[in-house]
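User: Hey, I'm new to this one. Can you walk me through it?

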Amino acid sequence: MPNVWRDLPRPIHGLAPMEDVTDTVFRRLIIRWGRPDIVFTEFIHAGLVVEPRGKRPGLTPRLVHSPTEKPIAAQIWGNDPEQYARASLRLRDLGFDAIDINMGCPVPKIRRSGACSALIRNPLLAGELIDAAKTGGLPVSVKTRIGYDRVETEEWVGHLLCQGIDALTLHGRTAMQESEGPVQWEEIARAARIARAMRVDTAVLGNGDVMSRDEIDSRCARYALDGVLVGRGVFSDPFLFAIDPARTGFAGLSDSDKVAMLCEHVALYREVWGATRNYEILKKFYKIYLQGFADPTLRDELNRTHDYASAESVIGRWFATRTEPTAVDAR
Ligand SMILES: Cc1cc2nc3c(=O)[nH]c(=O)nc-3n(C[C@H](O)[C@H](O)[C@H](O)COP(=O)(O)O)c2cc1C
């Protein structure tokens, strides 16, 4: 079976998983606008992979993906090895290229369930979950942090690297830090050094506060990493993964081009999800596409909508008052 982590060219430019953001719709758009080397699903409980619930019979929305989203890793969470084993078989059958295990989410309710970042304090169970995730034969990676309430890179990463994982993504903060304080890239570099010293075949990726493609490359060179996953950087630049150095960047687009991108997002979201996913989730994207607008009226009006049709008519009215052409489709 091909191993995506081994085969991807270095440095790896990956789109980090983000709940209610990196669904199949946003992933497809980010791929069209910039082409990251790998994408991930939003995290999904292993139990839901094997016993789907929801309005779409058969496939939980978080597992929906299209053929353009390649390679793609399904990110799972939970603390039951039996569920992981069954989930790994289903994810293989659904065409995923890899499985990523979330051992980093710091949300208190989730931590208290003993899953995600709580596994930093339960290394034995973490090892059992990794073993179980290998059942289906897909490459297995872990996304985690440099410690729980203190920096413990050496012990925690050393333990994970003994489990035969194909990749490790390290966010450079502890679980207790959540998103506060500086990202400790020296700790991420330390993890990469440990992997080299142990002579394991595990790709080591860093994560945290990276805002551009150049920054991905410079972090990888400086800290000797295999790659970087970028999350929130795409909020300020949806073209972040684009290679073309001549591009103006998102900030250089006209208002009309930004609204054209927003329209594309609304249309694809409507086509893919219709009534099966909450319309309100779309509103966080309005904020992204309309950044830099001097006049807040469009954003305010869109934030007052509660369905696709109203959003489309607000956008239609806005375009009717414009004269400049849009260039997004020409890029
Ligand atoms: C809205 C949001 C949702 C997130 N959901 C997930 C998730 O489902 N799985 C995961 O591993 N990390 C999740 N994260 C964490 C990101 O993947 C990433 O580690 C974090 O944002 C730091 O990277 P960044 O500074 O590049 O954004 C989420 C982050 C945000 C902001």
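Predicted model: local features only at pLDDT ≥ 70, side-chain atom pairs only at ≥ 80, totals over all residues.

User: Which residue does Arg 150 form a salt bridge with?
Analyst: That's Glu 155, and the closest N and O atoms of the two are 3.4 Å apart.

User: And Glu 155, what's its relative accessible area?
Analyst: Glu 155 has 47%, so it is partly exposed.

User: You mentioned S7. Where in the chain is that, and does it hold His 171 or something else at its end?
Analyst: S7 spans residues 167-171, and His 171 lies in it.

User: What does the side chain of His 171 make a polar contact with?
Analyst: With the side chain of Asn 207, at 2.9 Å. Leaving aside neighbours within four places in sequence, His 171 is also in contact with Thr 144, Arg 145, Ile 146, Glu 178 and Gly 208, among others.

User: OK, switching topic. Where is Thr 202?
Analyst: Thr 202 sits in the loop between H8 and strand S8 (203-207). With 9% relative accessibility, Thr 202 counts as buried.

User: Which backbone oxygen lies 2.7 Å from a polar atom of the Thr 202 side chain?
Analyst: The one of Ile 165. If you skip neighbours within four places in sequence, the residues in contact with Thr 202 include Leu 161, Ile 165 and Asp 226.

User: Tell me about Asp 226, then. Where does it lie?
Analyst: Asp 226 is in the loop between helix H9 (213-223) and strand S9 (227-230). Its relative accessible area is 21%, which makes Asp 226 partly exposed.

User: What does its side chain pair up with in a polar contact?
Analyst: The side chain of Arg 10, at 3.1 Å. Not counting residues up to four places away in sequence, Asp 226 touches Pro 11, Ile 12, Ala 203, Val 204 and Cys 220, among others.

User: Now the big picture. What does the domain assignment give?
Analyst: Domain 1 covers 4-236 and domain 2 covers 253-330. Their C-alpha centres lie 31 Å apart.

User: How many residues of each are in contact?
Analyst: 20 residues of domain 1 are in contact with 16 of domain 2. The area buried between the two domains is about 1,600 Å², and carbon and sulfur atoms give 61% of that.

User: How many salt bridges cross that interface?
Analyst: The rule finds four across the interface of domain 1 and domain 2. On the domain 1 side, the elements giving two or more residues are H2 and H10. H2 supplies the largest share of that side, seven residues.

User: Is H2 mostly covered or mostly open?
Analyst: Mostly covered: H2 spans residues 24-33, and eight of its ten residues are buried. Among them are Phe 26, Leu 29, Ile 30 and Trp 33. The cover includes helices H10 (233-236), H11 (255-273) and H12 (283-289), as well as strands such as S1 (12-15).

User: What comes after H2?
Analyst: H2 is followed by Arg 35, whose phi is positive, near 65°.

User: Back to salt bridges. Which residue does Asp 20 form one with?
Analyst: Arg 277, with the closest N and O atoms 3.4 Å apart. That pair links distant parts of the chain: Asp 20 is in the loop between S1 and H2, Arg 277 is in the loop between H11 and H12, and they are 257 residues apart.

User: Is Arg 277 buried or exposed?
Analyst: Buried, with a relative accessible area of 11%. Arg 277 also forms a salt bridge with Asp 23, where the closest N and O atoms are 3.7 Å apart.

Methods. Residues numbered from 1 in each chain as written. Heavy atoms only, no water. Buried < 20%, exposed > 50% of the residue type's maximum accessible area, 1.4 Å probe, protein only. Helix = DSSP H or I, 4+ residues; strand = E, 2+ residues; numbered from the N terminus. Contact = heavy atoms within 4.5 Å. Domains from an automatic or database assignment. Buried area = accessible area lost by both parts, 1.4 Å probe. Salt bridge = Lys/Arg side-chain N within 4 Å of Asp/Glu carboxyl O. Polar contact = N/O pair within 3.5 Å; in protein donor to acceptor, adjacent residues only side chain to side chain.
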